[in-house]
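Reader: I would like to learn how to read a model such as this one. Please show it and take me through it.

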Amino acid sequence: VGLFVHYQIDPLSPFGEEWTDSSQLQLLGFVILITGQAIYGEIIRIPGLRYRSVSEDLTKFASPSASLHFASPAVGPVG
């Protein structure tokens, strides 16, 4: 966002920044972070890794109220 503000909106804005020597390292770190989150969230699947099945995930969090389809009072009425 800072690069966009500096190069597209206003180069004198205090909210923007120039491309520096460490910007490439920051970009690489951001790409690694996003890729890691996508792998953890199983959006990207790596061949050779084991993944849990959906039924295993649901049984861990099963509760009596969930089985009766009760909604959270924080959500408000449905319908």
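Reader: Where in the chain is confidence lowest, and where is it highest?

Author: pLDDT is the predictor's confidence in each residue, from 0 to 100. In this predicted model, local features need pLDDT of at least 70 and side-chain atom pairs 80 or more, while totals for chains, interfaces and linings use all residues. Residues are numbered from 1 along each chain as its sequence is written, and side-chain values use heavy atoms, without hydrogens or water. Helices are DSSP runs of H or I, at least four residues, numbered from the N terminus. Confidence is lowest in helix H3 (residues 54–60), with a mean of 57, and highest in H2, at 92. The chain averages 76, and 67% of the residues score at least 70. Where pLDDT is low, the predicted coordinates should not be read in detail.

Reader: What span does helix H2 reach?

Author: The expected span is 1.5 Å times one less than the number of residues. H2 (residues 23–40) has 18 residues and reaches 26 Å from first to last C-alpha, close to the 26 Å expected. Just after H2, Glu42 takes a positive phi of about 60°.

Reader: Which residues of helix H1 are buried?

Author: Buried means under 20% relative accessible area, exposed over 50%, partly exposed in between (1.4 Å probe, protein chains only). In H1 (residues 2–9), the buried residues are Gly2, Val5 and His6. They lie on the same side of H1, because their arc around the axis is only 95°, taken from the directions from the helix axis to the C-beta atoms. The face turned away from that buried side carries the exposed Phe4 and Gln8.

Conventions: Helices (H or I, at least four residues) and strands (E, at least two) are DSSP runs, numbered from the N terminus.
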